[in-house]
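Please look at the sequence and the model first, and then read the sections below.

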There are 2 protein chains.
Amino acid sequence: MLNPADTGFRATLAARLPEGSLSDADPAHLTEPRGRWTGHGLLARPHSTDEVATIVRTCAEARVGIVPWGGGTGLVGGQVMPDGPAPVILSLERMAALRAVYPEENAMVVEAGMVLADVHANAQAVGRLFPLTLASEGSARIGGNLATNAGGVHVLRYGNARDLCLGVEAVLPDGSVLNGLKRLRKDNTGYDLKNLLIGSEGSLGIITAASLKLVPIPAAEGTALLVVDGPQAALRLLALAQARLGGLISAFELIGRAGLDFLTETLPEIRQPFPTPPDWMVLVELGLPEGLDPGAALEGLFEEGVAEGLVLDGIIAASEAQRQEFWRIREMIPEANRRIGAVSSHDISLPLGEVAGFIAGCGPEIAALGPFRINCFGHLGDGNLHYNVFPPKGGKRADWDAQRDAIKTLVHDRVHALGGSVSAEHGIGRLKVGDLERYGDPSKLAAMRAIKTALDPIGILNPGAVLRAL
Amino acid sequence: MLNPADTGFRATLAARLPEGSLSDADPAHLTEPRGRWTGHGLLARPHSTDEVATIVRTCAEARVGIVPWGGGTGLVGGQVMPDGPAPVILSLERMAALRAVYPEENAMVVEAGMVLADVHANAQAVGRLFPLTLASEGSARIGGNLATNAGGVHVLRYGNARDLCLGVEAVLPDGSVLNGLKRLRKDNTGYDLKNLLIGSEGSLGIITAASLKLVPIPAAEGTALLVVDGPQAALRLLALAQARLGGLISAFELIGRAGLDFLTETLPEIRQPFPTPPDWMVLVELGLPEGLDPGAALEGLFEEGVAEGLVLDGIIAASEAQRQEFWRIREMIPEANRRIGAVSSHDISLPLGEVAGFIAGCGPEIAALGPFRINCFGHLGDGNLHYNVFPPKGGKRADWDAQRDAIKTLVHDRVHALGGSVSAEHGIGRLKVGDLERYGDPSKLAAMRAIKTALDPIGILNPGAVLRAL
């Protein structure tokens, strides 16, 4: 059993840290974006890896839990502990330094508390790109992005957060520091602890700094909105684009009619791209090297798509302003969703070959439960859909809450049966611990528990996240 | 303590397996390419994952060790256990089936015993590329490639073996089967056991099948040999190429004068590309999409390289035959090395910014130890050098063996001091257990031991590989 971070503990810890390191937690550190949980605990804001290690050692001695805290933008409650003995909320916000940048090596070493947008800016300043791109990049911090293996719109081309990380420095549950900030492209010296920590959501260690991969900025970008004849046509168009352009497709995002309708309903100032909102469209972005013209490449793709009966209409962005307008449509859909209020949201992924069948089959089953509206959109290139279910027009989420579990079970059961994942990019946190137990491979769960117990025998790191607290 | 796979154990295991599953180990399963070790043990060749699980469970009950065996091409002795109680040598060679292929998804599921060249052929048959490319691809098996996180010549563009794997099926040390064959691009449901198993060299689980990433075949390829003004010039040329061509550089291999001289000495039938062997050259390969001409791209790079003073001479392959001739030079260097006989070989990686300084500084220090010849070549784009030290011309390796430890320590100390790795792509096996203990981060080693003990408490899986047997 853990102990609370009480007055006595606070005094002990305060004596080991610089003045001002500890405070009562403010509301910003006790809530999360969807308003499902409210946390409690003592806020610690260390300035250095040594101070993080001191906090972890002190917590281990006193058997006090620790909730690591990045930018607080997680959507599964990994950053908020609503019950149990009050933990230390360990925020990395004061550790936001750029430690070093190596443009010729396409590498950069940053502290975990750096805001993702600042990581982008630091890369840009040396003529490079850090491709991890998320709606929350203005407040999410890189340590949290790594702890949750964040995804976003550029995974198709550049991979998830773990693929963009060369090494991590982390404090382990016994307070020891893992010095793993190598910036090597090949290193086969022992077990891959980097990838074990990435995606463990702060339950195995606290990432304090990371060595990141940078990439060259493409010489030219091109963006188009293409109206497609359904999700299967979108996937065939993706295969066609990959055959023509290989790894040069930077984004391939699906947008359904519901998303456009929701924008009209809640954010009418956003200009609709087509006079009649199409049932399905894709946002395609190319990033090309010198010698290839993005306009010509997109036109070629459009023409072949039309000839194959996949594409019905389309607009190629003619200016940077229009490009941003296209992206704004995609990026404001989550905000429209928030304003309408989902009964149940699902961050799922499927093998690409199962995506269209899933969409076609799931809709009627949900319709059988009630007159719901479905907004299905997302990172089609990765098989990652945000499949969100809303009340009928004019209805209120609260009136349909009783159906939430039935909807969620229906969606997740179907995803699981098709070989998909019930958490594509948001992680497990506290929201999906039960889903992981229900759908996870039993051998995987047993191995996860064995690893958690081996590295964190007292269970102080993010208790109740990913795995049920013992 | 472990027990030997003795007559009684053999009878017990035989009763649980189809006839013909067990045999005395033949020399092919008891030796390794460099002839350093000779193994012993009972050979088991299961036909299915269930049979692998039966073997592992039976070994766990009887406390008998298991040495997983792929194609036997590993260079660090991971596949050969020379001492201790006789283990079961578990060869995956009878599990070589193609389970499924999904060209539209760029994915394929294969059993662990499939030879890498057959993985290539199966991908090619559906118009795709599986990019992992190694000298030993005709005999290495994909399970071993994954267990050792193999590298090779295309890492620069496509990553290491782990980057080409979507999921694994594996038998864990308790005989349970981890069903992880999902073919998803995004899946954040719990700890990353896939990457923990990949690179663990059979010490945490036995990979029985894998879901692999395929990529589109580039529309056109171009290959050139460019004479460069030293390693630093080569690295600047690489940066230049990346700025021009982003992710389209498929290979960037460094070849030094010694490699060319060794070919002349041992394989004179291989045609030298330049009348006078240059001190340093690079083999550059591009894989381009439609619309870009590889000849023009290489010429542009050559001209800019000359203008910047980096490139002194060059030949662009004018035919597929010439392209293969260029690759043959690169690929036969290891054979030339074998014929001459290295005193000490080093598979090292460095941050790209440290490569040139390492080469410049290490040579004189080795010269101070004796009149050695150094053949430094390899995957420069990844910072991965094969830095091999040979006796003087006419000398014999045996006469210089006494110097081996001093040379190895000198090279590895310097690599470590520069933030490099003493095993870039070959792994730890049994050869480098001491190096890992000497150079590895203490927290990393402690965490590795904790994980090994948690998952394999008896220590039956590949005893003595990666970590010293307890």
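## Terms and basis

Two strands are said to pair if DSSP finds at least two bridges between them. Strands (E, at least two residues) and helices (H or I, at least four residues) are DSSP runs, numbered from the N terminus.

The model is predicted: local features need pLDDT of at least 70, side-chain atom pairs count only at pLDDT 80 or more, and totals for chains, interfaces and linings use all residues. Residues are numbered from 1 along each chain as its sequence is written, chains are lettered from A and ligands numbered from 1 in the order in which they are written, and side-chain values use heavy atoms, with hydrogens and water left out.

## Confidence

The ipTM of the model is 0.97 and its pTM is 0.97.

## The antiparallel sheet and its helix

In chain A, five strands make up an open sheet with antiparallel pairing, in the order β5-β6-β10-β8-β9. Its edge strands, β5 (98–102) and β9 (177–179) of chain A, each pair on one side only. On average, neighbouring strands of this sheet are turned by 15° against each other, direction ignored.

Three bridges link strand β8 (residues 165–171) of chain A to β9(A) in the antiparallel sense. Here A:A170 lies opposite A:L178 in β9(A). Helix α2 (residues 49–62) of chain A packs on the sheet and touches β5, β8, β9 and β10 (206–213) of chain A, where contact means heavy atoms within 4.5 Å. The direction of α2 makes about 50° with that of β8(A); axes are lines fitted to C-alpha atoms, for helices over the stretch in contact, and angles run from 0 to 180 degrees between N-to-C directions.

## A parallel pair

Strand β3 (residues 66–69) of chain A is joined by four bridges to strand β4 (residues 88–91) of chain A, and the two run parallel. A:P68 has A:L90 in β4(A) as its bridge partner.

Both faces of β3 are covered, with A:I66 and A:P68 buried on one side and A:V67 and A:W69 buried on the other. Buried means under 20% relative accessible area, exposed over 50%, and partly exposed in between (1.4 Å probe, protein chains only).

## Two copies

Chain A is superposed on chain B by a rotation of 180° with 0.0 Å of shift along its axis (RMSD 0.0 Å). The two copies are thus related as by a two-fold rotation axis. The superposition is by least squares on the C-alpha atoms of residues with pLDDT of at least 70 in both.
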